Amino acid sequence: MPLEPLLIAELALLGVGTGFLAGLLGIGGGMLMVPFITLILNGRGVAPDLSVKMAIATSMATIIFTSISSVRAHHKRGAVRWDIVKRLAPGIVLGAVVASMGVFALLKGSWLALFFALFVGFSATQMLLDKKPKPTRTMPGTAGQLGAGGAIGFLSGLVGAGGGFVSVPFMTWCNVPIHNAVATSAALGFPIALANAAGYVVSGQGVANLPANSVGYIYVPALVVIACASVLMAPLGVRAAHALPIASLKRVFAGILYLLAAYMLWKGLSG
């Protein structure tokens, strides 16, 4: 699969959009990247079942770089709750390894596409509902956060997302202020992405019909182009997050997610 100018432009545009959203909403951008990378790879001859897996893996690998850029900008504003990061991270790594090295390799791409569609649809609905937590609720203890981290890491490994669509609602449900939740989610994106990306490399060894320049399930040219573009845009998203009405933006973004979920549902059912 040649790396022609049109492919580079498509990947760069995708990186700009996902990088901005990573900083704005504390997500890794996987919800946007996976459907579009799937579409790009399909259009260049990669089998549908394999393209879904490669899109998930490549999306997750880019989050390693996006999260670093985003969290640095949030940390400068003192918004990251590092105490929460320290308690959630061990469970996240464990859940991510189980998903990326075990379950991911066993499931067909069509099943992963269906799971992705349902997960994104659920996330969009949660964003629209925007339920307020009980004022007395707080973050659980160390064991509770370890378990929550495991669930976040596992789900992220199956759908190629940085976990923000689970961790941000979870933290706000526990009365962590929204800007702190977004910033903390950005910090959690790094261990999620690193553990899952390593798992995708290992589980993708020896897989037939992978395109040239792939490392395991990760398509390296897409990783490089998207990561470079997204790292440049993430700080701008952070700046916007502290200045714009997030509730209105979430409603618009939820509508986009429904469209992407519908596309992945179609891919899963037709695969």
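This tour moves through the structure one selection at a time, describing what can be found at each stop.

Before selecting anything, bear in mind that this is a predicted model, and colour the chain by confidence: the mean pLDDT is 83, and 93% of the residues reach 70 or more. Helix H10, residues 246-270, has the lowest confidence in the chain with a mean of 76, whereas strand S2, residues 218-219, has the highest at 94. Where pLDDT is low, the predicted coordinates should not be read in detail.

**The salt bridges around Arg 44**

Begin with the pair of Glu 4 and Arg 44, whose side chains meet with an N to O distance of 3.0 Å. This pair links distant parts of the chain, with Glu 4 in the segment before helix H1 (5-25) and Arg 44 in the loop between helix H2 (30-42) and H3, 40 residues apart.

Now turn to Glu 10, which also forms a salt bridge with Arg 44, the closest N and O atoms being 3.3 Å apart. Because Glu 10 belongs to helix H1 while Arg 44 sits in the loop between H2 and H3, this pair ties together parts that are 34 residues apart in sequence. With a surface displayed, Glu 4 is partly exposed at 25% relative accessibility, Glu 10 is partly exposed at 29%, and Arg 44 is partly exposed at 22%.

**Arg 81 and Asp 83**

Next, select Arg 81 and Asp 83, which form a salt bridge whose closest N and O atoms are 2.9 Å apart. Arg 81 is partly exposed, with a relative accessible area of 29%, and Asp 83 likewise counts as partly exposed, at 32% relative accessibility.

**The loop at Arg 77**

Move to Arg 77, in the loop between helix H3 (48-76) and helix H4 (82-106), and display the residues around this side chain. Apart from neighbours within four places in sequence, Arg 77 is in contact with Val 238, Arg 239 and His 242. Arg 77 has a relative accessible area of 46% and is partly exposed.

**Inside helix H3: Thr 62**

Follow helix H3 to Thr 62. Is Thr 62 buried or exposed? Its relative accessibility is 0%, so Thr 62 counts as buried, the cut-off being under 20%. A polar atom of the Thr 62 side chain lies 2.6 Å from the backbone oxygen of Ser 59. When neighbours within four places in sequence are left aside, the residues in contact with Thr 62 are Met 33, Leu 223, Ile 226 and Ala 227.

**A nonpolar patch on the surface**

For the last stop, show the surface and select Val 93, Val 97, Met 101 and Val 202, which form a nonpolar patch with about 290 Å² of accessible area together. Which helix supplies the largest share of the nonpolar patch? That helix is H4, which contributes 3 residues. Val 93 is located in helix H4, and at 35% relative accessibility Val 93 counts as partly exposed.

Key
Residues are numbered from 1 along each chain as its sequence is written. This is a predicted model: local features need pLDDT of at least 70, side-chain atom pairs count only at pLDDT 80 or more; totals for chains, interfaces and linings use all residues. Side-chain values use heavy atoms; hydrogens and water are left out. Helices (H or I, at least four residues) and strands (E, at least two) are DSSP runs, numbered from the N terminus. Buried means under 20% relative accessible area, exposed over 50%, partly exposed in between (1.4 Å probe, protein chains only). Contact means heavy atoms within 4.5 Å. Patches are made of residues with over 30% relative accessible area and no salt bridge: like charges are joined within 9 Å, nonpolar side chains (Val, Leu, Ile, Met, Phe, Trp, Tyr) within 5 Å. Accessible areas come from the Shrake-Rupley method with a 1.4 Å probe; for residues, only the protein chains shown count as cover. A salt bridge is a side-chain nitrogen of Lys or Arg within 4 Å of a carboxyl oxygen of Asp or Glu. pLDDT is the predictor's confidence in each residue, from 0 to 100. A polar contact is a pair of N or O atoms within 3.5 Å; within protein, one must be able to donate a hydrogen and the other to accept it, and residues adjacent in sequence count only if both atoms are side-chain atoms.
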